[in-house]
Amino acid sequence: MNPSVATRTGGALALREFHPFEAHGARFLYMVPSAGIFRLDDASAAVLDALAAGPRTAEALVDRLATVHSEDRVREAIEELRQIRAVGDVDAPREEVANDLPPAGFPLSTMVLNVTNKCNLACTYCYEYGEDKIVDTQYGKQPKFMSTETAEESVEFLLKEAGANPVAHLTFFGGETLLNFPVLQQTVAYARRRAAEVGKRMEFSLTTNATLLEPDVIEWLAENHIGVTISIDGPKEVQNGLRVFHNGKGTYEVVLPRIRELLRVHRTRPIGARVTLTQRNLDVLGIFRHLTEEIGFWEVGFAPVTTSSQREYAIDSAGHDRMLHQFEELGRGWLDAALRDEHHGFSNAKDTLEEIHKGVSKAYGCGAGLGLMGVATDGNVSLCHRFAGSDEHTIGSVADGVDRERQQAFLVDHHIRNKPACHTCWARPICSGGCYHEAHVRYGESSAPNLHYCTWVRSWTHTCLEFYGTLAERNPSFLARFDA
Amino acid sequence: MKHLAPINQKAGRIEAHVAREKAAAELDVVGLESRPPHEQAGPHFPLGCSLVFFPGWEADSSGGTAGLCQPVERDLFDCHLMCFWPAHVPDQLNHAQDWTAKCASAQKDWRKIDLVFP
C-alpha cells in the first residue's frame, strides 16, 4: 500500500474546485481546471452534498450517511472523489494556476493572409476601418494589396513553421478578400505545388462580403475546394442597417443573388455565414432562420461586435441578456436535432460542445501567435489577422521568420497565469480570458481578461454543459462525432 | 471507478491516469522485477548490482538515478554492509545501534528503517 494513503485518514475533508450541473435527471461535475466531466452516482452525490455544508472527516461522513449508504460505499466514493480532486484535505493549499508555456517548436497550423486592407464596403462597426480601428488602413504605411511575392513567401513561411504537421491551413482575409482575386489564384496554385513538393497537404479558406462573387470566381472557389465564409448579418433590414457601401447604400440586394449562386454551384465544401451582432440587431433566432431556411447556409456563427463600450451599436448589459436567452433557445434547437442525429447549423453550440467533449483546458484564449498567425499586406507577421499591420503586435515577418523573443514575451504576458481575475473562475478551462483583440479594443491591452463577458461566458458554458450531459444520457453515440 | 462515470474524453484520461497510479501503488517497489511497474513513457531499467531484493538499486522512470539511492536520504541500509559504494548510512557502532532493529526482513520491512539525524 502506498504510505501516503495510510497518512490520509483522520483529517477533515473539503470540497475542491469543480462546477456541478444537472441534465436529464443525472448529476455531473465539470472539473476545474482539468475539464474532465464525471457523472455522479447516489453515493458520490451524497458525499458532496454532505461536504457542501462544510468540512467533515471521512468518519463523520460515514456516520452521517449510514442510514442510506454502507460504510464501504461511502469510503469508496470519497476515495474516487479524491482521485479526481473534487474532494481534498481541508488544509490542502489551493492549486495554483500552472505556468506551463508551450514547448519550443510548436507547429503553426493556420496562417491568415490579409491579401488586401482595402474594402468596398463601409460597415459602421468594422474593427478594421471603423471608429475602433488600431491600424491606419487608409493612410498607413502598408500597401493596399499584398504582392504575389509576399504571398509566396507567406506560403514558404507556413510550410516551414508547420513542422511535422501533415496539413497546413491557409486562410485569405481582408479588407475585402476578393479585391485581390489575381493574387488569390496565383497563391493557391503556388501553395498546392509547394505543399506537394514537401509532402504536405494544404487546405484553403476565405472570408468575403459576397459583393464580388462573380460566376468565374464562384467556379474557381468550387474547383479549388476553397472553404468560404460569408460575412452577412441577416435579413434585408438588418444587413442594410450597418453593412453598407461607401455611399451608404445597403448591400443586401447585391449580395443575395451572388450568395444563392455560390450555394448552388459550390458543393465541395460546406458554406457558412458569420454574423456580427450589435445592439441594433440581436434577433438571433430570426437571423438564423433567414440565413439557413431562406437562403440555405449550412451553418451560421454569431459573434458580438468588438467595440469600445461607448459606441451606440455596442451591446449593453440588457442586450447581453437578450443575446444569451436567444443563444439558449437556438441551442435547444441544436440539441433537439442532435438527439435525432440530425444536422443543425448553429455553429456556436457545435463548437462549444466539441471543446467540452474533448475536455479542452486552455492556457490561452486562442491559438493566436502560436498555432495561428496573421500576415499584413507588407509581409509582417502578427498575432492574428485582427492585428495585421499593428507594429505593437508584430512578431516577425514572412521574409525573416518569427522573432522568437517577441513571441516568447507575448506568450508569457498573455498566459492565464498572468490573469489573476480568471484564477477563481470555473469557466477558465474553456475561456481563459477570451479574445486578445477584444481586450485591446475594450481595455487598451491585449493581455487583459475580457471581464465584460464573464457572466455571459459562464452562463453559455453552463447551458452547453447541460446540453452535453443530456446528449451523454440520451444519445451518447452522437458525441462520437467530436472524437476526431 | 464505481461511483463516478467518466463522460468526456478528458475524464477518460483522468480515469486511466488514476488506474495507473493505483496499479503502481499496488505493485509497490519494483526493484529488479523484470516487468514494467506501470505504463510509462520511457523504458524500465532494472539496473542492479545484486540479484537479491535490495530496494533502491534501480533507475527511475526516466532512466536516471536522481530520485533513487544516491541522495543521502535514499541510501539503503544494505549498501553499507556489502557494497563498495561510499554510502552514507548512520553510524551503527556509536550513534544508531538500533537502526535496523525493526527490520527483520529487508524485503518486507525496509520502510521501517527511518532517517537518522545527528
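**Sheets, interface and helix packing**

Modeller: In chain A, ten strands form an open sheet of mixed pairing, in the order 12-11-10-9-8-7-13-14-15-16. Its edge strands are strand 12 (299-304) and strand 16 (401-402) of chain A, each of which pairs on one side only. This is a predicted model, in which local features need pLDDT of at least 70 and side-chain atom pairs count only at pLDDT 80 or more, while totals for chains, interfaces and linings use all residues. Residues are numbered from 1 along each chain as its sequence is written, and chains are lettered from A and ligands numbered from 1 in the order in which they are written.

Colleague: What makes strand 11 and strand 12 of chain A a pair?

Modeller: Two strands pair if DSSP finds at least two bridges between them; strands (E, at least two residues) and helices (H or I, at least four) are DSSP runs numbered from the N terminus. Strand 11 (residues 272-277) and strand 12 of chain A have six bridges in the parallel sense, and therefore they meet the criterion of at least two. In strand 12, E299(A) is the bridge partner of G272(A).

Colleague: Which strands form the open sheet with antiparallel pairing, and in what order?

Modeller: Four strands form that sheet, in the order 2(A)-3(A)-4(A)-1(B). Strand 2 of chain A and strand 1 (4-6) of chain B are called edges because each has a single partner strand, so one side of each is left without a neighbour in the sheet. On average, neighbouring strands of this sheet are turned by 30° against each other, direction ignored.

Colleague: How many bridges join strand 2 to strand 3 of chain A, and how many join strand 3 to strand 4?

Modeller: Strand 2 (residues 18-23) and strand 3 (residues 26-31) of chain A run antiparallel and are joined by six bridges, with F18(A) opposite M31(A). Two residues lie between these strands in their hairpin, where H24(A) takes a positive phi near 50°. Strand 3 and strand 4 (residues 37-40) of chain A pair in the antiparallel sense over three bridges; L29(A) stands opposite F38(A) and Y30(A) opposite I37(A). Their hairpin has five residues between the strands, and A35(A) takes a positive phi near 75°.

Colleague: How do you know that strand 4 of chain A pairs with strand 1 of chain B?

Modeller: Three bridges join these two strands, which run antiparallel, and F38(A) has P6(B) as its bridge partner in strand 1 of chain B.

Colleague: What makes up the contact of the two chains?

Modeller: Residues are in contact if their C-beta atoms, placed from the backbone, lie within 7 Å. The contact takes 24 residues from chain A and 15 from chain B. On the side of chain B, helix 1 gives the most, with six residues.

Colleague: Why are helix 12 and helix 16 of chain A called roughly perpendicular?

Modeller: The axes of helix 12 (residues 347-358) and helix 16 of chain A come within 10 Å and cross at roughly 70°. Axes are lines fitted to C-alpha atoms, for helices over the stretch in contact, and angles run from 0 to 180 degrees between N-to-C directions. Angles of 65 to 115 degrees count as roughly perpendicular (under 35 roughly parallel, over 145 roughly antiparallel, the rest oblique). Helix 12 and helix 16 of chain A are therefore roughly perpendicular to each other. Residues making the contact include L353(A) of helix 12 and F467(A) of helix 16.
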